[in-house]
Amino acid sequence: MMNTRISRLGCRVLDRCLQKTTKTTYKGIRLCDNNCDRSDDQDFISWTKEALDLIETSDLRRFRRVQKEVRYIVNIELHSGGMYMRSVKACDVDFGRYRSITHREWALHSYAATIVHEATHGFLFSRGHEYTPENREQVERICHDEGIRFLLRAKPEWKDFLDKHYGFDPKRWQLLWTGSFWDKTLVLLKRIRESKHHGKQRPV
């Protein structure tokens, strides 16, 4: 998903906030932890470094795209697994969704694929393809396919599994595309409550 609606002033304010909440910089990308689950801070940093290493070793071309199009990777509660904010070149990720996956290898690869997906939004925008109601399904399909191509380079033996279970489905974006303000707000508030609850259940 991509978000481009922000004023110049809002962009400057957000950029300063992200700089202040940066935990570390890795491979030239700032890692910011802004979610409500304080117990996942170290995992977010270590997993994100591991995911970036995985992208670099498996798919250097797409890794260079990530470096070019992503200035920040931000851990924050979202409606989905990831979102790209072009105004500050931020790849927002809801890390808790990946951390909760039982299969560690799949969780890490899925997380890395999300970073590739969101960086592809930036790549398309850089080439003049803005995210609009008219082209958003096509853009999401391209970004989805890029994530899958990365996974196939990293794990070619997963091809049958990915073909069967991870085809492009535009219904995944319907809430964000057509849902009302209140519908989206309620879903996000529920996700924030879940994150706070998980943080209380886990030792920091």
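Trainee: Which residue in β6 does Tyr72 stand opposite?

Mentor: This is a predicted model, in which local features need pLDDT of at least 70 and side-chain atom pairs count only at pLDDT 80 or more, while totals for chains, interfaces and linings use all residues. Residues are numbered from 1 along each chain as its sequence is written, and side-chain values use heavy atoms, with hydrogens and water left out. Strands (E, at least two residues) and helices (H or I, at least four) are DSSP runs numbered from the N terminus, and two strands pair if DSSP finds at least two bridges between them. Strand β4 (residues 72–75) runs parallel to strand β6 (residues 90–93), joined by four bridges, and opposite Tyr72 stands Ala90.

Trainee: Which residue of β4 is the bridge partner of Asp33?

Mentor: Strand β3 (residues 29–33) is also parallel to β4, and four bridges join the two. In β4, Asp33 has as its bridge partner Asn75.

Trainee: Are the residues on the two faces of β4 buried or exposed?

Mentor: Buried means under 20% relative accessible area, exposed over 50%, and partly exposed in between, with a 1.4 Å probe and protein chains only. Tyr72 and Val74 lie on one side of the strand, Ile73 and Asn75 on the other, and all are buried.

Trainee: With which side chain does the side chain of Glu69 make a polar contact?

Mentor: Glu69 belongs to helix α3 (residues 60–69), and its relative accessibility is 1%, so it counts as buried. A polar contact is a pair of N or O atoms within 3.5 Å; within protein, one must be able to donate a hydrogen and the other to accept it, and residues adjacent in sequence count only if both atoms are side-chain atoms. At 3.0 Å, the partner of the Glu69 side chain is that of Ser126.

Trainee: How many residues apart in sequence are the parts that the pair of Trp106 and Phe161 ties together?

Mentor: Rings of Phe, Tyr and Trp (its six-membered ring) pair if their centres lie within 6.5 Å; planes under 30 degrees apart count as stacked, over 60 as edge-to-face and the rest as tilted. By this rule there are 11 aromatic pairs. Trp106 and Phe161 form an edge-to-face pair, with 5.7 Å between centres and 85° between the planes. Because Trp106 lies in helix α5 (residues 104–126) and Phe161 in helix α7 (residues 159–165), the separation of the parts tied together is 55 residues.

Trainee: Is Trp106 buried or exposed?

Mentor: Phe161 has a relative accessible area of 38% and is therefore partly exposed. Trp106 has a relative accessibility of 14%, so this residue counts as buried.
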